[in-house]
Amino acid sequence: MAQKAAKQQAARNTSILQRTHLISLAVNASFILLRMLVFQASCTRSTYLLYGLLSVPAFVIEFWFERIGRPAMAASGELKRSGEDLEAKGLTEYMWDVLYWTWGCIIFTTVFGDKAWWAYLVVPCYSIWLAWTTFGGMKQGMLGVPGGGDTDGMTNGPTSNRQKKMEKKGGSQKVQYR
């Protein structure tokens with residue numbers, strides 16, 4: 001079977017995109033309908049302004065996923081392109097997190113009112129934390145490199161079994177690694 005992996009990727013992407021669009025439709029339609037019909041008294045112009053402004057990231061991400069993940073078929077019905085992997089780690093995973101959090105904030109705002117939009121501040125805080133820990137990890141990795149902050153040249157890491165035996169016998173010889 002030719003291109004079995006590509007066909008599986010295309011089927012997986014199609015189902016993920018369909019599920020994403022249905023969830024997005026349900027979340028956004030429930031916000032609009034419930035705010036117009038049930039919570040009409042607490043609904044102001046700023047409600048819709050905040051909804052429009054803070055829903056933009058979800059719409060942009062959903063459009064981006066549609067653009068990169070939708071499989072392309074030739075006129076003959078043959079698979080031309082399977083699309084990018086929508087379950088990839090890294091930036092794609094972060095974009096899914098932002099999309100899910102946006103949907104959660106829309107649901108919270110539907111039920112609890114406009115003050116629930118403050119929960120959306122978690123996204124930039126999470127981004128800052130993620131960047132800080134990534135930079136901190138790179139900085140830690142650089143300190144372990146010779147000349148990256150270790151001044152005496154000796155490593156204080158775990159010793160080998162041979163070194164342990166030598167120290168146990170009373171041999172005070174230390175092996176120095178370069």
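Student: What share of the 178 residues of the chain counts as buried?
Tutor: The model is a predicted one. A residue counts as buried when its relative accessible area is under 20%. Of the 178 residues of the chain, the share that counts as buried is 25%.

Student: How much of the accessible surface of the chain belongs to carbon and sulfur atoms?
Tutor: The accessible surface of the chain comes to about 13,000 Å². The part of this surface that belongs to carbon and sulfur atoms is 65%.

Student: In what order do the elements of the chain run from the N terminus on?
Tutor: The chain has 5 helices and 2 strands. Read from the N terminus, these elements follow the order α-α-β-β-α-α-α.

Student: Are α1 and α3 roughly parallel or roughly antiparallel to each other?
Tutor: Helix α1 covers residues 4-37 and helix α3 covers residues 91-112; their axes lie 9 Å apart, and the packing angle is about 25°. Angles under 35 degrees count as roughly parallel. The two helices, α1 and α3, are therefore roughly parallel.

Student: How is α1 directed relative to α2, roughly parallel or roughly antiparallel?
Tutor: Helix α2 covers residues 45-69, and its axis comes within 11 Å of the axis of α1, crossing at roughly 170°. Angles over 145 degrees count as roughly antiparallel. So α1 is, relative to α2, roughly antiparallel.

Student: How many charged residues does the contact of α1 with α2 have?
Tutor: Residues of α1 in this contact include Leu17, His21, Phe31 and Arg35, while those of α2 include Tyr51, Phe59, Glu62 and Glu66. The contact of α1 with α2 has 8 nonpolar and 8 polar residues, and its charged residues number 3.

Student: How many nonpolar residues are in the contact of α2 with α3?
Tutor: The axes of α2 and α3 are 10 Å apart, at an angle of about 145°, and the crossing is left-handed. Among the residues that make the contact are Leu54, Ile61 and Trp64 of α2, with Met95, Val98 and Leu99 of α3. The contact of α2 with α3 holds 3 polar residues and no charged ones, and its nonpolar residues number 12.

Student: Is Trp117 buried or exposed?
Tutor: Trp117 is in the loop between α3 and α4. Not counting residues up to four places away in sequence, Trp117 touches several residues, including Leu50, Leu54, Cys105 and Ile106. The relative accessibility of Trp117 is 5%, and residues under 20% count as buried, so Trp117 is buried.

Student: What distance separates the C-alpha atoms of Trp117 and Tyr51?
Tutor: Tyr51 is one of the residues that Trp117 touches. Along the chain the two are 66 residues apart, yet the separation of their C-alpha atoms is 8.6 Å.

Conventions:
Residues numbered from 1 in each chain as written. Predicted model: local features only at pLDDT ≥ 70, side-chain atom pairs only at ≥ 80, totals over all residues. Heavy atoms only, no water. Helix = DSSP H or I, 4+ residues; strand = E, 2+ residues; numbered from the N terminus. Buried < 20%, exposed > 50% of the residue type's maximum accessible area, 1.4 Å probe, protein only. Areas by Shrake-Rupley, 256 points an atom, 1.4 Å probe, with all protein chains shown as cover. Axes fitted to C-alpha atoms, helices over the stretch in contact; angles between N-to-C directions. Parallel < 35°, antiparallel > 145°, perpendicular 65-115°, else oblique. Contact = heavy atoms within 4.5 Å. Nonpolar A, V, L, I, M, F, W, Y, C, P; charged D, E, K, R; others polar. Left-handed = near helix turned anticlockwise from the far one by under 90°.
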